[in-house]
Every structure is written in C-alpha cells, then in structure tokens.
Amino acid sequence: MNEVLAPVTGVGRKASQPAPAKEAVTLTEHIVEVISDSGEGAQRCGQSLGAIAARMGNGIWTTEIIPAEIQPPARSVAGASGIRIRMGSRRVTNGGDETDLVVAFNEQVLLGRVQAGELKHGATILLESMWREHRDPKIVASYAEVLKALHDDGYRVIEAPLEQECRKLVSDPHRGKNMFVLGMLCNIYSLELKLGREQVERIFGKKDEIVIRTNQQLLEAGWQWAEENLDFKYRIPAKRSAEPQIVVNGNTAIALGILASGMEICAMYPITPATSASHYLSDVFERVGGIVHQAEDEIAACAFAVGASYAGKCAVTITSGPGFSLKQEVIGLAVMAEIPLVVVNVQRGGPSTGQPTKMEQGDMLAACFGSHGDAPKVVIAASSIEDCFYSIITARKLAETFNMVVVVLSDASLATAQQPFPRPSFSEDWLAPPVDQSPVPEGAKPYDWDPVTGLTRRFVPGQPGGMHTLTGLAHDRLSHVAYDPASNEEGLRYRSLKLAALQRTLKTPPVFGEPEGDMLVVGWGSTKGAIEEAVERLSAEGLKVSSLHLQFIQPMPSGVKEIMGRFKGVMTVESNWSDRLEDEIIDESNRRYAALAMILRARTLVDVDCWSEARGEPIKPRAICDAVRERLKLGGGQR
Amino acid sequence: MTLPATQCLLRLHQEQPSLEDYQDGVSRWCKGCGDNAILAAVQRLCRDEALRPEKTVFVSGIGCSSRLPHYMKTYGFHGIHGRAFPVAEGIKMARPDLHVFVSTGDGDCCSIGAAHWIHAIRYNMNMTVMLHDNHIYGLTKNQVSPTSPIGLKSSTTPRGSELEALNPLSVTLGVQNVSFVAQAVDWVPEVMYDIMSAAFRHRGFSFVRIIQRCPEFLPEMFEPWLHDPQKTLLLTHQDGLQLSAGVTQTYKNQQQHDPSNIDRAREIASLEDPIPVGILYRNPEVPCYEDLRHPARMRTPDFIRAGFEMELDKVTVWPDEDLQTQGAGRATG
C-alpha cells in the first residue's frame with residue numbers, strides 16, 4: 001500500500017473535510033488491530049470484522065490481545081486490550097507479522113503496541129481524537145506528545161472523532177464505539193454493510209429490537225464517516241469456498257468436538273485460558289443431554305471425570321497448565337486402572353500463575369511424562385482451529401479403544417483465534433457406543449491383557465459377572481492387589497505396550513515442502529501456520545527448507561527419523577524456553593533444549609537443534625525466517 | 001419360554017441372596033480392628049436389601065478403611081487418597097441406576113479430602129458414606145489425624161498433639177444441603193446395622209460417622225466406653241431408631257431425639273462423653289444434584305445430531321449465501 005496521501009494539516013490530519021472520490025486499492029492481505037482499554041468492546045468489534053470478512057470469502061485469522069487483569073487502569077501502556085485480524089485473499093493460517101492498520105481508542109494503549117514493535121513501519125493509525133480537548137491538561141499534553149512522536153516516526157496518523165460522532169446517536173458513546181469502528185472498517189475494506197448489519201443482529205440477537213437497531217445505526221454512521229472523511233479504501237479480493245465453512249475459535253471448536261464426540265460429562269474448574277470452552281459448552285451441552293460439572297477444584301474435576309468414565313461414559317476434563325499439574329495424581333490412577341479419560345490442556349505461560357492470558361507451548365513434557373511412576377498416556381497436539389475440533393473426537397475414540405488417558409494440547413493462541421474451516425458433517429461413528437451391560441463370560445478376567453498389544457476388555461459396573469475391585473495399586477489380571485515383582489512388571493509391560501500398539505496404526509506425517517534439503521523445521525501445535533508460511537517464504541528466496549508438523553507427540557509415528565535423514569540439518573521451532581547458546585555458561589553439555597527437541601533427540605539420536613521463544617504471543621513467520629536463515633548461515637542444525 | 005411380567009417380579013422377590021453373595025476373600029485388617037464390624041454390617045445390609053452385586057459399587061480412597069471394597073463381591077473402586085467423593089460423584093452422575101457406597105477414613109475424608117467432603121455434602125448425591133473414624137493414621141503407621149484428641153502422642157507428635165480434634169458431625173451439620181447425619185460405634189454392631197440401613201434408605205448424601213477402634217495404635221482409647229455402657233448415649237425416636245430389647249437392656253442411657261431438629265442435632269453432635277449414637281439429622285426434602293442436573297430428554301444420536309447442527313448453523317458461512325440468507329435455522333443433511 002503505497003498510495004499517495006492527502007495533504008496533512010497540523011501534526012495528525014484532521015479528517016473533517018469531505019474526501020475526494022476514491023478508488024479501492026487492491027491488496028492480497030492486510031493486518032488490522034483494534035486497541036482499547038479493557039471493556040470497550042474492541043474484541044467484539046474485531047471478531048465481527050473477521051466474521052464478516054470470512055462471510056465475504058476472505059481467509060482470516062484473529063488473535064486476541066488480552067491484558068492479565070479484568071480492569072487494568074484506563075489509558076495505560078500495559079492495559080492494551082484488543083484484537084488483531086489478519087485478512088487475506090487466500091487461506092490464512094496464522095496471525096502474521098506486523099500490523100498495517102490500527103484503530104486505537106486512546107494514545108496510551110496504542111503506545112503499548114508501538115513499543116512492543118507490533119506496528120509495521122509507516123502503518124496507518126486511526127486515533128480517537130477526543131483526548132485532544134480533554135479537561136485534564138496532562139491528558140491533552142500526553143496526547144499531543146504521542147501524536148507528534150508517531151508522526152515523526154513515520155506513521156500515518158489520522159485523528160478520528162469516534163465518541164463525538166457516536167454521541168449523535170447514543171447518550172453513552174463509550175459503549176457503542178466499537179460498532180461505529182466496525183462500520184469504519186467495513187468501509188475501509190469494502191466489506192458489505194449488509195453483512196455488518198446481520199452481524200449486529202447475531203451479536204445482540206438475545207436483546208431487544210432497540211438495542212439491535214441502535215447498534216446498526218452506529219455501524220452505518222461509522223461506515224458513512226469513513227466514506228466521507230477518509231481518502232483511502234482497500235479491497236482484498238475474496239473467493240467464497242465451494243463448501244460451507246464455520247468460523248469459530250479454538251475453544252469453541254473444542255467444545256463442539258466434545259458435543260460431537262458423544263461424550264456426556266465435562267468436569268472442569270475455572271482457569272484461564274481454558275474456561276471459555278466450558279462457558280460455551282455450559283450454554284449448549286445440556287440441550288443435547290450433556291452435563292458440565294464445575295467441581296470444587298481441579299483434582300475433583302479430574303476425579304469426577306474418572307468416576308464417570310469408569311461407570312461407562314467416557315468423560316472429559318478441561319484445564320490449563322497449573323490445573324493440569326493438580327490433576328496429575330488422578331491421571332496416574334486412570335493410567336494404572338486403565339480407565340479411558342480425555343484431558344484437554346489449553347496451555348498458557350508458566351510455571352505458577354505465569355502469564356494466564358498469554359500463550360506458551362510449555363506443557364508437552366509434563367503431558368508426556370507427568371504423574372508419578374511410569375504412566376504412559378497418549379498426547380495429541382492440535383495445530384489449527386479445525387484440529388481442535390477433530391482432536392477431541394479422535395481422543396475420545398482412542399481413550400475408549402485403548403483404555404488410556406488421552407491428553408489434547410491446545411494453547412492460549414488457538415483458544416481465542418478464529419479461522420474458518422469446512423463445516424464438519426456429523427457422523428454417528430463419532431459417538432460413543434452405549435454402555436455395555438451384557439453379562440461377562442464365566443472365567444473372564446478384568447485385566448486380560450493381550451500378550452501382543454496389551455489391550456484388555458473393560459468390565460463396567462452393571463455387567464453381571466464382571467464384579468471386581470478396580471485399584472490404583474499394582475494388580476494382577478484379576479485386579480487383585482499384587483506386590484510380587486512378576487505381577488508388577490506384567491502390568492507395566494502391558495500398559496506400555498498399548499502405546500506401541502497405537503503407534504503401529506499411525507501414518508508418518510507429510511513433509512511440507514521438498515522431501516529433502518538443507519534444513520527441516522519440526523513443529524507441533526499452534527505454530528503450524530506460521531512455520532509453513534515461513535517455509536514458503538524461505539523457499540521463495542531459494543533456500544532449501546521444509547517442515548514437518550507432529551500431531552501425535554506420544555506415541556510418535558514411525559518414519560520421522562528417516563525424514564530427518566534427508567536433510568542436512570534439523571531444528572524445532574517452539575514457543576517455550578530453551579537455553580540460549582550465547583549465554584556465557586551454556587554449552588552443549590548443559591543446554592536445556594525446547595520440549596520437542598528434547599523428545600526428538602532422545603527418540604532418534606539425531607542432533608536436533610532448536611529455536612524457541614516464550615514471549616507470550618504467537619511466533620511470527622518473520623521471526624522463524626530470521627532464525628532459520630541464521631542457522632543456515634552458521635551451518636547449524638548439522639549432525 | 002416367556003414369563004409374564006408379574007411372574008418375573010415375583011421371582012425377583014423370591015431371590016434370597018445370602019451373605020456369601022457379597023463376601024470376597026478374608027479381610028487383611030488387624031485382629032480386633034473396627035473395620036471388620038463395619039464390613040459385616042454392610043454385607044448384611046446388602047443381603048437384606050437384596051442389592052444386585054453388579055449394580056452396586058463401593059468406592060474408597062486410601063487408608064485402612066479404604067480396603068473395604070476388596071472384601072465385597074460387588075464392583076469396587078479403590079482409588080487415591082482423599083478423592084473417593086469426586087470419583088463416587090462421577091459414577092453417580094453417569095449412572096444413577098447404581099447403588100453407590102463410600103468407605104473413607106478420618107485422614108482420607110477429614111484431612112486430605114476435606115474440600116471434597118464439604119462439597120459432597122452440598123451436592124447431596126444419593127450415596128451412603130461410611131466414615132471409618134479411628135482417630136489415627138494406621139496404614140502409614142501411627143500419625144496424628146484431624147480427629148485425634150488433643151495431646152495424643154504419635155509418630156509425628158511425640159510430645160503430644162497441640163490441636164483440638166475436628167468434629168466430623170459438627171462440620172457436616174454446618175454445611176448447606178446436609179440431609180442425613182448419623183453416628184455409630186463399632187462396639188454396638190446391632191445399632192450400627194440399623195443406622196446403616198436407615199442411611200441406605202435415605203435418598204441423598206447419607207453420612208455415617210463410625211467410631212472404631214484401632215487395636216494396633218490406640219488399643220486403650222475406647223476402653224472406658226467399653227466398660228461403662230452409660231457412656232454411650234442412644235438416640236431414639238419414632239422417626240429414628242427403634243431399639244431391640246437386648247440393646248435397651250444394656251444401654252440404658254437413651255434420649256428421644258427428633259431427627260428433623262437440626263438445632264438439637266448440632267447440640268448433640270458436640271457431645272464427646274457420653275458418645276451419642278443414632279440418627280442426628282435427616283431431611284428427605286433436600287434435592288439431589290444428579291436429579292437437578294440430569295436432562296429430561298433421552299440422549300439419542302438424532303438428538304445429539306440436531307443439537308450439533310443447530311450450533312453449526314449459527315457459525316456457518318454458506319457458499320451460496322448470496323449475501324441474503326442468514327445461516328441460522330437452515331436445514332442440513
């Protein structure tokens with residue numbers, strides 16, 4: 001976007017003169033942010049913009065910007081709350097790099113984003129102008145100072161009288177501003193205003209007609225204001241998919257997956273960022289005969305789910321990092337007693353309370369190796385919004401087929417990110433079978449482990465002849481407590497074999513890009529889109545870089561080592577901490593690698609390098625490109 | 001051969017289970033342990049109520065008390081320390097058709113699992129709870145428990161414990177939604193059986209604290225009560241226990257107590273000497289959580305599909321939308 005700017009008056013251009021007729025500039029993609037104090041509705045505005053663009057047929061990815069506090073001080077740099085929307089002509093798989101256009105409700109929250117380096121050089125800023133004439137002279141001064149600095153730094157700042165315009169329609173413009181801004185953005189990106197009106201209806205559908213009408217008026221006023229006052233307009237050509245698409249975020253996708261998997265009971269305890277999945281589920285689950293039980297704590301939530309699963313109805317518990325730690329003992333019980341259980345961990349920054357609203361891929365090792373003793377369990381990582389949905393259905397099936405704990409890893413960035421994906425077409429095969437109440441054949445044992453696969457049939461209460469006491473103690477085939485070495489090792493062997501039995505059924509994941517080259521980037525979870533975009537960019541530069549993304553972390557499919565062997569170097573890209581080699585006392589002998597690198601090194605004996613960051617935000621494709629280029633320059637990742 | 005329904009019913013009634021139908025193995029508790037008396041009472045209860053063994057689940061945590069399920073020929077769930085209640089709740093929520101019993105100890109229930117205990121009372125799910133309270137940790141060998149009397153010397157309190165004992169009856173009677181509280185002692189097994197029977201028949205969270213002896217670590221603790229029947233106070237009422245002539249002859253210290261009177265129940269609960277035995281409180285009107293939560297409709301695949309499609313409709317972008325129709329309410333195949 002290099003179109004000529006209209007003459008600027010003063011420091012920021014005051015958008016009051018009618019703009020000349022304008023041609024929409026065609027773009028392939030754009031990144032927009034709406035930034036405000038908490039509670040001003042920026043996220044709803046951005047989600048709506050994303051939904052409208054998706055209905056137009058654009059690819060979208062939305063990323064929420066959430067401060068840790070519910071009500072951080074107003075007009076503070078740290079309190080920036082908002083949303084980023086990446087819109088493109090093609091499918092969009094990640095949040096992208098820096099922002100092209102931002103609407104800011106005050107200059108302080110904007111400053112937060114500028115200081116974080118989130119704005120592209122020369123980005124367009126639409127800034128609420130009410131602060132210019134505020135009664136507090138300090139605010140007036142701060143506003144003028146920031147405005148000048150932004151202008152000096154080369155940003156295109158346009159002052160927009162958001163509240164002033166809204167006040168023409170509503171008495172409390174503070175609450176309606178977001179819909180005004182939505183209207184502006186619909187105009188700027190040439191989106192159908194009609195879709196905007198419908199979006200308002202969807203949002204406020206439960207409220208009365210006056211609320212809907214008022215917000216539609218605000219939307220139209222915003223559109224009109226932009227039409228009359230801005231001298232630019234964009235168009236991102238869209239192509240509607242031939243198949244119906246659904247637009248939801250990762251947590252909603254998880255909840256929909258629970259709905260469609262036939263699971264009946266979800267036991268949870270509130271924790272950020274996992275909880276919104278349960279909010280949605282609480283709203284819709286009971287309509288299909290499900291129950292969301294908010295337990296007294298994380299341990300109880302997990303134990304409740306274990307009890308329900310034991311009684312024949314595979315249940316799910318949803319949590320985030322610290323809650324996952326608390327559940328570990330119960331998870332160990334489920335492993336030992338071979339009770340199916342689905343555990344969803346929407347990872348966040350940690351340890352302790354860490355960064356509850358920010359993303360990190362910090363719990364992979366805890367998921368694989370957590371709990372006490374040898375506790376083999378299945379670990380799946382969802383890599384997209386669509387994957388969040390299907391992972392749950394897969395998880396329920398695996399849990400019940402193998403009588404195992406299946407951990408589904410998501411993270412804070414997937415939790416709130418929105419991306420369209422093909423509307424799932426419901427299959428009865430997804431549902432759990434009815435609870436088996438048939439009599440157990442005489443002589444059948446509750447743990448009749450198959451010598452090859454370790455699999456055993458499970459007896460469920462209500463089955464005549466199946467009575468036994470399940471125990472968390474080591475036990476023999478009759479479920480009798482066993483202290484002898486042979487019985488202990490027999491149980492350990494078969495519980496472990498089940499992972500191998502599952503592994504034998506897994507397909508080798510496909511390589512993204514050329515099947516051989518100089519560098520293979522291996523990733524897992526939410527970084528998939530960014531990694532693949534980076535691979536595309538690097539390949540376009542002529543570098544021989546490909547990527548591999550793992551959905552199954554434990555067990556890991558076969559063939560990974562063979563793929564690695566076709567590349568000169570292998571590195572993982574992850575969002576968790578790994579020691580930096582530039583630190584004085586860090587060397588190969590003491591370096592703590594990123595989680596997946598650690599597992600890959602152990603499993604393949606390949607000298608896998610890693611590059612990771614734990615900034616609490618999604619990794620940008622640009623950062624991955626820089627890291628890979630640097631590794632290639634250093635000849636890194638070589639074995 | 002087919003039988004008319006009435007005949008099937010008759011046959012069910014004719015089924016006369018015996019104690020052996022519920023007995024599994026020989027208990028590994030110490031000689032003289034009060035747990036044996038509890039086991040005998042509960043096996044008798046199962047027989048007298050003719051509970052179908054496959055429809056009955058005994059859930060426990062960890063501790064001496066929690067071995068009880070192993071000696072029952074029903075389904076059993078011997079889980080982890082302190083978590084018997086949430087496991088039992090999950091079972092009951094998933095399967096209201098099952099009879100659920102919980103065996104827990106003073107450490108399991110009142111210490112590591114205390115949070116679950118409080119909330120289990122509040123959920124008031126239909127289950128029968130036996131708190132095996134011997135005032136000491138036995139399985140881990142002689143540590144002070146929350147119900148140990150102040151001054152008790154144990155492996156972790158060699159100079160005597162500093163804190164007053166927690167009173168499980170008072171705590172339970174202080175929680176919202178409490179619906180059944182009783183106390184039994186292992187040295188009056190006949191009354192223990194009557195109390196457990198009343199507990200089982202109460203629909204809700206029936207909490208029975210059973211004071212039991214630990215011959216290994218606290219062999220002397222209840223000697224004065226064993227030697228003096230006056231130190232055991234039996235609570236009787238037309239809506240509570242009715243005692244046999246034999247019991248009445250030995251335990252003459254009796255009091256009329258109406259189990260619907262919660263204020264009086266709280267007063268009785270705080271008595272330590274004599275030890276009150278009987279039904280302190282019963283309120284059949286308190287709703288059960290599983291009844292409140294269970295949806296009225298049967299869960300069929302079509303029902304689930306309809307709900308799922310309805311949700312998807314709200315978020316679907318249709319290819320032929322033509323910017324005119326709204327997704328909502330659109331039929332799909």
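Student: What should I know before we start?

Tutor: This is a predicted model, where local features need pLDDT of at least 70, side-chain atom pairs count only at pLDDT 80 or more, and totals for chains, interfaces and linings use all residues. Residues are numbered from 1 along each chain as its sequence is written, chains are lettered from A and ligands numbered from 1 in the order in which they are written, and side-chain values use heavy atoms, with hydrogens and water left out.

Student: What share of chain A is buried?

Tutor: 62% of its 639 residues count as buried. Buried means under 20% relative accessible area, exposed over 50%, and partly exposed in between (1.4 Å probe, protein chains only).

Student: Now chain B. How many helices and strands there?

Tutor: Chain B has 12 helices and 12 strands. Its C-alpha trace spans about 90 × 60 × 40 Å along the principal axes, and 53% of its 333 residues count as buried.

Student: Back to chain A. Is strand E4 enclosed or open, and why?

Tutor: E4(A), residues 59-65, is largely enclosed by the rest of the structure, because seven of its seven residues are buried. Both faces are covered: Gly59(A), Trp61(A), Thr63(A) and Ile65(A) lie on one side, with Ile60(A), Thr62(A) and Glu64(A) on the other.

Student: Which strand does E4(A) pair with?

Tutor: One is E5(A), residues 81-88, in the antiparallel sense over seven bridges. Two strands pair if DSSP finds at least two bridges between them. Gly59(A), for instance, has Gly88(A) in E5(A) as its bridge partner.

Student: Let's switch to helices. What does H6(A) pack against?

Tutor: The buried residues of H6(A) pack against H1 (42-56), H5 (173-188) and H7 (209-229) of chain A. Helix H6 itself runs over residues 193-203, and its buried residues include Leu193(A), Leu195(A) and Val200(A).

Student: Where is Ala255(A)?

Tutor: Ala255(A) sits in helix H8 (residues 250-260) of chain A. Ala255(A) counts as buried because its relative accessibility is 0%.

Student: What does Ala255(A) touch?

Tutor: Leaving out residues up to four places away in sequence, Ala255(A) touches Ala277(A), Tyr280(A) and Leu281(A). Contact means heavy atoms within 4.5 Å.

Student: And Asn251(A), buried or exposed?

Tutor: Asn251(A) is buried, with a relative accessible area of 1%. Asn251(A) is also placed in H8(A). Not counting residues up to four places away in sequence, its contacts include Pro273(A), Ala277(A), Val346(A) and Leu414(A).

Definitions and conventions. Helix = DSSP H or I, 4+ residues; strand = E, 2+ residues; numbered from the N terminus.
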